[in-house]
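This report describes a protein model in terms of its nonpolar core, its sheet and its surface.

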Amino acid sequence: AENNLIIPLSFTVTDDTGDAAIGTLTVNVDDDMPVASCHPVLYAVLEEESVPGNDSVIGNNEKLDWVGVLPTHLSYTTGMESIHDAVRWGADGFGGVLSVTVGGQTFQANESGPTAVFFDQNGNVITAGGETTAAAVLVFDASGRYMLSVIGPMAHDLDGSAWENFDIKMLPTITFNAQDGDEDPIAVRLY
């Protein structure tokens, strides 16, 4: 919580001839709040064609992805990442991730282990019990660690064989709801 302090001080000063004057001084102490390092945004660009399959991968997994736009090789997963570097936590330090909001639904962080949010082939959140048909999964915990992975084929509107037909599947906005050591809140988005 915002723990600002206002400290009023009264004082009396006396000169060498005995004349006195009374004064007041107010000291305002501003509790630091967590602040986004640059933008309260983390980015993830994943591909489905490198998802491990039965004997290899489920796609062709070419070395030059996004038709030459991105020269690096993309992966099906972010690997284990953390929201820590996206925020300057201040003197109070990192307090934890409380929940993640995805497409209007909020999922609580579990103190005893990770929480998983599953997405269908169209990028929609799957309700409990539909995990076996999932095409992507977000795993996160209260410590701020997360991993977003494509785990199966995503639906495509077009064939993707030419730049003008390239289909980018977007998941709903993912927001980590976190706090610093004295419970000042901050929201960090993952795109």
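## Nonpolar core

The largest nonpolar core has 25 residues, and those with the most contacts inside it are Phe119, Leu138, Phe140 and Phe176. Such a core is a set of buried Ala, Val, Leu, Ile, Met, Phe, Trp, Tyr and Cys residues joined through side-chain atoms within 4.5 Å; buried means under 20% relative accessible area, exposed over 50%, and partly exposed in between (1.4 Å probe, protein chains only). Two or more residues of this core come from each of strand S7 (94–102), S9, strand S10 (136–140), S11, strand S12 (174–180) and strand S13 (185–190). Strands are DSSP runs (E, at least two residues), numbered from the N terminus.

## Basis of the model

The model is predicted: local features need pLDDT of at least 70, side-chain atom pairs count only at pLDDT 80 or more, and totals for chains, interfaces and linings use all residues. Residues are numbered from 1 along each chain as its sequence is written, and side-chain values use heavy atoms, with hydrogens and water left out.

## Open sheet

Four strands form an open antiparallel sheet in the order S5-S11-S10-S9. Its edge strands, S5 (81–82) and S9 (115–119), each pair on one side only. S5 pairs with S11 (residues 145–150) in the antiparallel sense over two bridges, where pairing requires at least two DSSP bridges. Glu81 stands opposite Tyr146 in S11.

Leu9 is located in strand S1. With a relative accessible area of 38%, Leu9 is partly exposed.
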